[in-house]
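Subject: Structure handover

Hi,

Here is the structure for you to look at.

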Amino acid sequence: MALSLHDRTVLVVGRGSGIAHAVTLTARAQGARVVVAGRDRAALRSAYDDPGVTAETVDLNDDATIEALAERLGPVDHVVSTASARARGLLADLDRDSLRRSFDTKVIGPVILAKHFAPHIADGGSFVLFSGVAAFKPVVGYLGVAATNGAVDFLTRSLALELGPIRVNAISPGVVDTGIWDSFGDEGKRAYFDDLRARNPARRIGTVQDIADAVLYAMTSPFLTGVTLRVDGGEPLT
């Protein structure tokens, strides 16, 4: 039987838009209290008009802010980390700083989250981390992204083993229309999406709700742990 989120506390780390926003609204629809946390508390607060959503400050590159947030919040039921810093580019264009930010945000940051929040996780609680399709389908120009996401995949299994019975799972999205592709311009984005849509087995582009639904499943499935849910339309098969 699926676990209920009613009257549970869910911490969502990330921005107040895209996947993090969809996860927050989905958890609220299930009756959860949601704490959204990121570097810009004011922006997070303004993203929601809901007394059941409160905003906090945290920086996954700053251990002190993570420890302080855990102390302020006390008991929580689920922690979802959606934050990322993508180190895109060809090998010749990559630098140590961008790679370090990528690992700090998606790998080391969640390790420190787990360190400080695990003692506060209630029975039936979980961590949900974010990997990504590049970990399972290497593409030229995404070396840094692939290495980071692959590390998240291994981290998920290691934490699940060490923290049990706290469950730890990851979500690996494919290409999702979060707004990040708007930088391609209308024509460029349309062409990119049309190409992917024609080639992947699902014949569609992912939505933020697709990913939020997967996060909901990870939080509420009591026998699921150490798993990376690949919500990618079958893209790695192409």
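This is a predicted model: local features need pLDDT of at least 70, side-chain atom pairs count only at pLDDT 80 or more; totals for chains, interfaces and linings use all residues.

Residues are numbered from 1 along each chain as its sequence is written, and side-chain values use heavy atoms, without hydrogens or water.

Salt bridges come to eleven (a side-chain nitrogen of Lys or Arg within 4 Å of a carboxyl oxygen of Asp or Glu). Three of them follow.

Asp50 pairs with Arg28 at 2.9 Å, N to O. Asp50 sits in the loop between α2 (41-46) and β3 (53-57) and Arg28 in helix α1 (residues 18-29), so the bridge ties together parts 22 residues apart in sequence. Helices here are DSSP runs of H or I, at least four residues, and strands are runs of E, at least two, numbered from the N terminus.

Asp194 and Arg197 form another, at 2.8 Å, N to O. They are three residues apart in helix α6 (residues 185-199), about one helical turn.

Asp210 meets Arg204 at 2.9 Å, N to O. Asp210 is partly exposed at 23% relative accessible area; Arg204 is too, at 39%. Partly exposed lies between buried (under 20%) and exposed (over 50%), with a 1.4 Å probe and protein chains only.

Now Leu159, in helix α5 (residues 143-163). Leu159 is buried, at 12% relative accessibility. Beyond neighbours within four places in sequence, Leu159 contacts (heavy atoms within 4.5 Å) Ala114, Leu129, Gly164 and Val168. Its C-alpha lies 7.6 Å from that of Gly226, 67 residues apart along the chain.

Best wishes
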